[in-house]
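Here are my notes on the strand pairing and the salt bridges. Please read them beside the model.

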Amino acid sequence: MAKIEVEKERCKGCGYCVMNCPKHILRIGSVTNSSGYAIAEQVEAEKCTACKLCAVICPDMAISVYR
């Protein structure tokens with residue numbers, strides 16, 4: 001199982017990671033950062049294959065993926 005960490009203050013909630021996740025395990029959540037952006041969060045972590053597409057597509061480099 002892989003773990004996806006979203007750096008809360010860097011995420012702008014653009015949704016690119018959500019749209020590009022092949023397993024559909026990311027969503028824009030209800031938690032907001034200090035700038036008022038709703039940030040991405042991982043759901044169903046057991047389905048994550050650590051492909052890192054979310055981290056690669058993130059324009060703000062706010063995502064880290066760990067195995």
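1. Strands E2 (residues 26-32) and E3 (residues 38-42) pair antiparallel, over four bridges. Two strands pair if DSSP finds at least two bridges between them. Strands (E, at least two residues) and helices (H or I, at least four) are DSSP runs, numbered from the N terminus. Leu26 has Gln42 in E3 as its bridge partner. Five residues separate E2 and E3 in this hairpin, and Gly36 in the turn has a positive phi of about 90°.

2. This is a predicted model: local features need pLDDT of at least 70, side-chain atom pairs count only at pLDDT 80 or more, and totals for chains, interfaces and linings use all residues. Residues are numbered from 1 along each chain as its sequence is written, and side-chain values use heavy atoms, without hydrogens and water.

3. The whole structure holds four salt bridges (a side-chain nitrogen of Lys or Arg within 4 Å of a carboxyl oxygen of Asp or Glu). One of them joins Glu41 and Arg27, at 2.5 Å from N to O. Glu41 sits in strand E3 and Arg27 in strand E2, 14 residues apart. Glu41 is partly exposed at 25% relative accessible area, and Arg27 is partly exposed at 43%. Partly exposed lies between buried (under 20%) and exposed (over 50%), with a 1.4 Å probe and protein chains only.

4. Asp60 and Lys12 form a salt bridge, their closest N and O atoms 3.4 Å apart. Asp60 lies in the loop between helix H2 (53-57) and strand E4 (63-66), and Lys12 in the loop between strand E1 (3-6) and helix H1 (16-20), so the pair ties together parts 48 residues apart in sequence.

5. Lys47 forms a salt bridge with Glu44, with 2.9 Å between the closest N and O atoms. Lys47 is partly exposed at 42%; Glu44 is partly exposed at 38%.
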